[in-house]
Amino acid sequence: MDASEIVLKAEIRKQAVVEQERSPGLKPGYVRLYIEARTTSLLTGTAPIGESLRYLVDLPLTAKGKAPNLRKTEVLLFARAVPGRASELQLVAPSAQLPWTPELEERLRPVLAEFVSNDAAPRIKAIRDAFSIDGNLAGESETQIFLETHDDGPVSLTVIRRPAQRPIWGVSWSEIVDQAARPPQMHTIDWYRLACFLPPRLPREANISARTAAQNRADADYQFILDELGPCTRNLDLMDKR
């Protein structure tokens, strides 16, 4: 959704198959369609858009090898405007057209509102550094992981371990590293930023713990965070791969 200038609901009015020789990059088993549609509602947008829309979309062929019939279908589009052409859109990814349902729109609206809010979680760029230190008691420790973001906003992850207790972790979106920080709620923007863009393992060069045991604990605590976040379950390939 970061890549989308516009998210809207539209009703498809007309479609036409684009010839294969005019469809560079088309995947096998897919067809490229030229679509004419009518805007029915704008969910969010930073560019002017008209009521009549035109765009291209790649879709899988039916079981009979035919183009799917989309006429009168309502869809959600994640797109960019074509400069100087208010009626033309460019989808931000091959999967950026979704069949509209009331349930999908209901789920999407609060997420879009989070994206455009002034205090939206920043995009994660990389892990800057991580270290783990022992606590005062045997079996007690704290691991801190500091992230780089695209807008230089501070983000840190903390894992607290105490004897005979389950580890506790949290994320802080400010310069204050807060031991009271808690994990983000699943399927919020905060969760999405972490679950979908943290690397699959702690980079060796970022692990600056002084001792081998502390380095291993930092690695384990980072993996614990990933396990707690769970897999990135986004259905749209609108971003760079994790």
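How many bridges join β7 to strand β8? Select residues 124-134 for β7 and residues 141-149 for β8. Nine bridges join the two strands, which run antiparallel. Strands here are DSSP runs of E with at least two residues, helices are runs of H or I with at least four, and both are numbered from the N terminus. Two strands pair if DSSP finds at least two bridges between them.

Before moving on, note that this is a predicted model, in which local features need pLDDT of at least 70, side-chain atom pairs count only at pLDDT 80 or more, and totals for chains, interfaces and linings use all residues. Residues are numbered from 1 along each chain as its sequence is written, and side-chain values use heavy atoms, with hydrogens and water left out.

**The hairpin**

Pick Ala130. Its bridge partner in β8 is Ile145. Now go to Gly139. The hairpin of β7 and β8 has six residues between the strands, and Gly139 takes a positive phi near 85° there.

**Asp129**

Select Asp129, in strand β7. Asp129 is buried, with a relative accessible area of 18%. Buried means under 20% relative accessible area, exposed over 50%, and partly exposed in between, using a 1.4 Å probe and protein chains only. Leaving aside neighbours within four places in sequence, Asp129 is in contact with Gln144, Ile145, Phe146, Ala206 and Ile208. Contact means heavy atoms within 4.5 Å.

**The whole sheet**

Show four strands in the order β7-β8-β9-β10: they form an open sheet with antiparallel pairing. The edge strands are β7 and β10 (168-172), each pairing on one side only. The twist averages 15° from one strand to the next.

Zoom in on β9, residues 155-161. Seven bridges join β8 to β9, and these strands run antiparallel. Glu142 has Ile160 as its bridge partner in β9.

**Two helices crossing**

Finish with α1 (residues 102-116) and α2 (residues 189-197), whose axes come within 10 Å and cross at roughly 80°. Axes are lines fitted to C-alpha atoms, for helices over the stretch in contact; angles run from 0 to 180 degrees between N-to-C directions. The two helices are therefore roughly perpendicular, a term for angles of 65 to 115 degrees. Val111, Glu114 and Phe115 of α1 meet Ile189, Tyr192 and Arg193 of α2.

Notes
Parallel < 35°, antiparallel > 145°, perpendicular 65-115°, else oblique.
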